[in-house]
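Please look over the sequence and the model shown below before reading on. The notes that follow are grouped by topic.

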Amino acid sequence: MKAFATENIRNLAVIGHGDAGKTQLIASLMYTAGATPRWGKTDEGTTITDYDEDSIARKISLNNNFAHLEHKDTKINLIDTPGYAAFVAHARPALRVADCALVVVDGVHGIEVQTEKTWQYANEFLLPRFMVVNKLDKEHSDFGHALETATSAFARSIVPFTLPIGTEANFKGVVDVVHQKAYEFDASGKAKEIPMPEQGRDIFERTRERLIEIVAESDDELMEKYFADGTLPEEDIYPNLAKAIANSKLCPVYAVSCTNLVGLQILLDHIVEFAPNPATHEAEYGFTNPDGAGDRIPRKYSNDEPFSAYVFRTIADPFAGRINVMKIISGKVNADATVFNSTRDAQERLGALHVINGKTLEKVDFAQTGDIVAVVKLRETQTGDTLCDRANAIVYPKVEYPEAAIAFAIEPKSRADEEKISVALHKILEEDPSLHFDRDAQTKEFILSGSGQLHIETVVDKLKNRYHVEVALHPPKVPYKETITQQVEVQGRHKKQSGGRGQFGDCKVIFEPLERGKGFEWVDKIFGGAIPQNFRPAVEKGILEASAGGAVAGYPLVDFRVTLIDGSYHTVDSDEHSFKAAGRKAFRAAMEKAKPTLLEPIMDVEVFTPQEYSGDIMGDLNSRRGRVSGMEMRGKQQVVKAKVPLSEMLDYQSKLNSMTQARGSYHMQFSHYDPLPGNLAQKVIDEAVKAGRVRAHDEDE
Ligand SMILES: Nc1nc2c(ncn2[C@@H]2O[C@H](COP(=O)(O)OP(=O)(O)OP(=O)(O)O)[C@@H](O)[C@H]2O)c(=O)[nH]1
Ligand SMILES: [Mg+2]
């Protein structure tokens, strides 16, 4: 692979909703450009970027992967990102290092939930955008409709740079609106110029007019020229279109079919001509110290600046070992260079540098500003780290991932599995910053948290297939709580006589239920000195401690008030310890009579779905004890809002996928606690007893 100057590099993060065809687009672009002799297909599991067995088996991308091609003396680096809800957060580091986002839209469905989400991510990183409307060979595909959904969803000028010739099965060519030419494509994706078609002439003219307007609006002088002549010379149009794109004023749209290789060569031409190169950025900002501490320093994208690079992906390769992928932000770097990891204050020797195509690494001698390269087997470097010149240290801010949404306990199946699990999980975590791993101090269980059930399931698969560690996946834990339903008055009396000084504490208290969310209240209503002032907090403490272990199933008791009304003490034998014990006894006595019950968390749920499935979704939510509270349209998506118990939502993602053919998505957050219905409560209690979480009332002291 030859070296490319910064101006001749394009870094594109391919983003969009799951199934839009991102992985196929990259495979088809590679084939069209002649970068691969064989045309990879997602349906056959032969694409460059979905190479790992989990992706092939599930037919979805699970993490960021890479491909690059050469077109018109330009190196185009393509980062394939996942569009599936559980993995879509990986698009963030890809967008962080890309110089342009390539948004892939399904030509049948138009803009979908994850298209919007990844678009928001791209906004965060202030990224210019290209858009591809894909699958225009398919029945019911509609370029105009897809474009409409885009313009109504996003605030910027979204204008076709190519228009389709023919529809569905007859989609055979495109009109290049910018250069005013028409093309057809042969079986290998090569463009052949044809006469401009008469059909659709009006749309073409309107679109071109709009482009010229956008160019005119970008500059006062051009505006005057435009008013005087009614148009602009070609030499003013092209560079100013590129500028409008780089300034995020304009998003060009391309009509393509990845399965028929229609429109792709023109897309490549336009990427070279109009997509920003890395040096288009004015500067990147870092800090002198990790975690954003110290001075803020600008760094230009230039070979003349000191070396710096941001590591945005780690791959645990079973053969090569740990692969770190970085974007060179400034300077030049040679293979075998010694660099400084400024995030960890450590020296690293780079070894060989590589460019990446899927699982294939190819050695290069050096890399320049703007390029994306991989290094193997660094000692300490991880995703999110900065590598740089020690004398000119800089630390770039890390890309943040969203919080984990769900936690599962996993249990190694055998002793051997237990021994291997930590090492294996450590490697998986290096690859996946959206995953978290804890060990519960009390139960000794391994807790994995991630973005959804599917996410955790892929981790379990990886443990098994790649690291030969077998684990059982336990259902996620629901944080139940307990409360009381009746007011009771009880006595707690603790008395022990065993030679020497005895123990004595005695209290009379009233327990009463409080409203949901009130927690715990303590009221001291003792008049006089039935219990000395200094022992009363011990009673409260004893009750609180006991309430943490619950009354029926070991969950914390909440929403109750305790009023201390009377008691007695002994001048010699009474002490704090005795009154704490009295408090605990009062608690237990109260639980015998106050009719304790279980509370369950209720979630606010929003489901996004194509309209045709909303009936099924509501029916299903009802069967999950949910209460649908509203419906609205957002773009082309129907949003169903409901309150649903958390315990009913644990398997929701997979059900939603099967109901909507993977086109629905949802999010939820905690709303409030409600009483758990009797039959379900009994189940939870039985389980708690079986798990040994409810202790028999020990006659302590
Ligand atoms: N008819 C038709 N099908 C296409 C086209 N492009 C992709 N597909 C199909 O769409 C499906 C999804 O393609 P992928 O490339 O895996 O989609 P993706 O966007 O990478 O999906 P995720 O990785 O899950 O986000 C596959 O079955 C492809 O064959 C196209 O131009 N026309
Ligand atoms: Mg994919």
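What percentage of the 701 residues in the protein chain is buried, where buried means under 20% relative accessible area, exposed over 50% and partly exposed in between (1.4 Å probe, protein chains only)? Buried residues make up 53% of them. This is a predicted model, in which local features need pLDDT of at least 70 and side-chain atom pairs count only at pLDDT 80 or more, while totals for chains, interfaces and linings use all residues. Residues are numbered from 1 along each chain as its sequence is written, chains are lettered from A and ligands numbered from 1 in the order in which they are written, and side-chain values use heavy atoms, with hydrogens and water left out.

**Overall layout**

- The protein chain has 16 helices and 36 strands, counted as DSSP runs numbered from the N terminus, with helices (H or I) of at least four residues and strands (E) of at least two.
- Taken along the principal axes, the box filled by the C-alpha atoms of the protein chain is roughly 105 × 60 × 55 Å.

**Helix H10**

- At the N-terminal end, Ser414 caps H10 with a side-chain oxygen that lies 3.3 Å from the backbone nitrogen of Ala416.
- The buried residues in H10 include Asp417, Ile421, Ala424, Leu425 and Ile428.
- Glu431, also in H10, is buried with a relative accessible area of 6%, and its side chain is joined to that of Arg466 by a polar contact of 3.1 Å (a pair of N or O atoms within 3.5 Å; within protein, one must be able to donate a hydrogen and the other to accept it, and residues adjacent in sequence count only if both atoms are side-chain atoms).

**Phe287**

- Phe287 lies in strand S12, residues 284-287, and is buried, with a relative accessible area of 17%.
- Although Phe287 and Ala393 are 106 residues apart along the chain, their C-alpha atoms are separated by 8.6 Å.

**Cavities and a pocket**

- On a 1 Å grid over the protein atoms alone, a cavity is a set of points where a 1.4 Å probe fits but cannot get out, and a pocket is an open set with protein on both sides within 12 Å along at least five of seven lines; lining residues have an atom within 4 Å of a point.
- There are four cavities of 30 Å³ or more, and the largest cavity has a volume of about 60 Å³, a volume being the space filled by probe spheres set on the points, which are joined across faces, edges and corners.
- Strands S2 (65-71), S3 (74-80) and S19 (353-357) each supply at least two residues of the lining of the largest cavity, and S3 gives the most, with four residues.
- The second largest pocket has a volume of about 850 Å³ and is lined by 42 residues, of which Asp19, Ala20, Gly21, Lys59 and Lys135 lie nearest its centre.
- Helix H1 (22-32) gives the most to the lining of the second largest pocket, with three residues.
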